[in-house]
Amino acid sequence: MAINEPYKMEILDSIKEDPITIYHIGNEWWDLCAGPHVETTGKINKKAVELESVAGAYWRGDETKPMLQRIYGTAWENEEQLRAYLHFKEEAKRRDHRRIGQDLDLFSIQEEAGGGLVFWHPKGAIIRHIIEDSWRKMHIEHGYDLLYTPHVARVDLWKISGHLDFYKENMYDQMEIEDEPYQLRPMNCPYHILVYKRKLHSYRDFPIRVAELGTVYRYELSGSLHGLFRVRGFTQDDAHIFCLEDQIKDEIRGVLDLTEEILFQFGFSKYEVNLSTKPEKAVGGDDIWEKATIALKDALDDKGWSYQIDEGGGAFYGPKIDLKIEDALGRKWQCSTIQVDFNLPNRFDITYVDSNSEKRRPIMIHRAVLGSLERFLGVLIEHYAGDFPLWLTPIQARILPVTDTQLGYCKEVSSKLKANGIRAEVCHGERLPKLIRNAEKQKIPLMAVVGPKEVETHSVTVRSRFGGELGTMKIDEFNSSMEQAIKNRSSL
């Protein structure tokens with residue numbers, strides 16, 4: 001207080017249990033710092049240090065608090081490591097989903113509407129539509145029933161679930177509807193439980209699998225918002241499985257198989273897997289925790305995935321598996337999660353009738369494969385640097401006339417492609433080299449060039465963004481080649 005350090009006083013006040021460590025140089029300078037430290041600055045390689053930028057930042061990310069000046073810097077053991085880091089940083093900057101999203105006109109966040117709320121433009125909406133359609137199809141094939149549930153509910157629902165007690169700081173203020181308080185949903189779980197509770201279930205009904213692409217709303221400080229990675233409204237690929245104790249392992253294995261199948265189609269095959277076990281404070285008896293944890297381990301072993309044990313890192317309501325995917329730069333992103341829940345079945349008093357006609361409590365499993373669709377799409381944009389595979393790209397082929405004389409024929413070609421589900425468009429009004437350059441800047445994978453010869457022979461000359469000239473093809477040949485490539489999730 002004597003040296004006017006109010007921010008350090010606030011930090012000291014917030015430390016309740018951890019030891020407080022202070023770093024000092026003689027009596028001249030001291031600071032709160034956990035370390036580790038070098039003994040002297042002479043041990044720092046001055047050629048491996050880089051001061052990177054200066055920016056304003058709200059204290060603790062809260063816009064109601066003062067704006068401070070933040071200095072960003074990095075230090076490494078040697079110059080080679082520094083150069084590798086700077087190259088990585090430049091590559092990450094080139095792949096920044098916010099810039100690419102703007103350049104390719106995929107999405108925007110409109111300040112007039114408010115921060116952290118995503119507007120999907122036509123091209124971005126097409127990518128999202130393709131992902132959602134594929135997600136629904138695969139879930140139906142794996143025995144899930146699809147749901148749609150409301151975005152709001154009476155506050156009583158969130159009291160029963162416990163969200164109002166334990167999650168209130170992440171929830172928006174309540175709204176009054178006919179003198180009754182309602183709440184925007186921060187999660188989908190209670191809704192799926194209400195669907196389960198609508199009728200009495202027998203042990204013969206299990207497992208019951210329900211899934212929903214459910215939009216949720218969570219309160220985030222403006223200073224923490226970041227493109228698609230941290231938003232205030234997002235859609236979860238949420239699903240819940242109600243099963244018997246002896247079905248846990250098989251259900252978890254089924255989720256792992258589905259997770260692998262979904263992620264692989266997007267090019268993700270390297271994972272970091274963690275299994276989190278019972279924490280000190282937990283609901284449910286030791287026996288059910290042990291059974292559930294063993295079932296998770298057995299499913300992972302059965303799958304053949306290596307994993308790390310996070311002792312005591314489980315949620316208070318049950319053990320869980322977390323999966324991080326590795327992108328093209330080697331960065332790891334938290335994505336899929338599988339959680340066994342002993343809490344909500346008790347809170348909502350859900351039951352089933354067993355073989356002895358007695359009421360028992362089912363096991364509930366929460367699981368998400370992609371997590372937040374917004375965040376996953378951000379990861380996907382950066383993973384591909386905007387160069388999406390043919391099956392996923394918003395515009396798969398652009399038809400380019402050499403002159404406007406061929407425009408009518410180009411429109412015929414485009415109509416034939418569209419009739420077969422291929423996303424094609426005609427672009428004209430510029431000289432051909434500029435049309436090709438614009439298509440490449442927009443990361444269009446295939447260009448079909450049309451001149452007088454192509455009109456005469458009912459063909460197109462195909463140019464690939466990556467493969468160069470692919471030669472002249474009849475329209476039907478081009479059509480069927482594209483259909484096959486899209487079906488096989490490959491390039492032409």
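Q: Are Phe 266 and Phe 376 buried or exposed?
A: Phe 266 is buried, and Phe 376 is buried too. Buried means under 20% relative accessible area, exposed over 50%, partly exposed in between (1.4 Å probe, protein chains only). This is a predicted model: local features need pLDDT of at least 70, side-chain atom pairs 80 or more, while totals for chains, interfaces and linings use all residues. Residues are numbered from 1 along each chain as its sequence is written, and side-chain values use heavy atoms, without hydrogens and water.

Q: Why is the pair of Phe 266 and Phe 376 called edge-to-face?
A: Rings of Phe, Tyr and Trp (its six-membered ring) pair if their centres lie within 6.5 Å; planes under 30 degrees apart count as stacked, over 60 as edge-to-face and the rest as tilted. Here the centres are 5.1 Å apart and the planes at 70°, so the pair is edge-to-face.

Q: Why is the pair of Phe 206 and Tyr 352 edge-to-face?
A: The ring centres are 5.0 Å apart and the planes stand at 75°, so this pair is edge-to-face. Phe 206 and Tyr 352 are both buried. Ring pairs link Phe 206 and Tyr 352 with Tyr 196 and Phe 242 into a cluster.

Q: What makes the charged end of Arg 489 sit over the ring of Trp 391?
A: The test asks for NZ of Lys or CZ of Arg within 6 Å of the ring centre and within 35 degrees of the ring normal. The charged end of Arg 489 sits over the Trp 391 ring, 3.8 Å from its centre. Likewise, the charged end of Arg 185 sits over the ring of Tyr 191, 5.2 Å from its centre.
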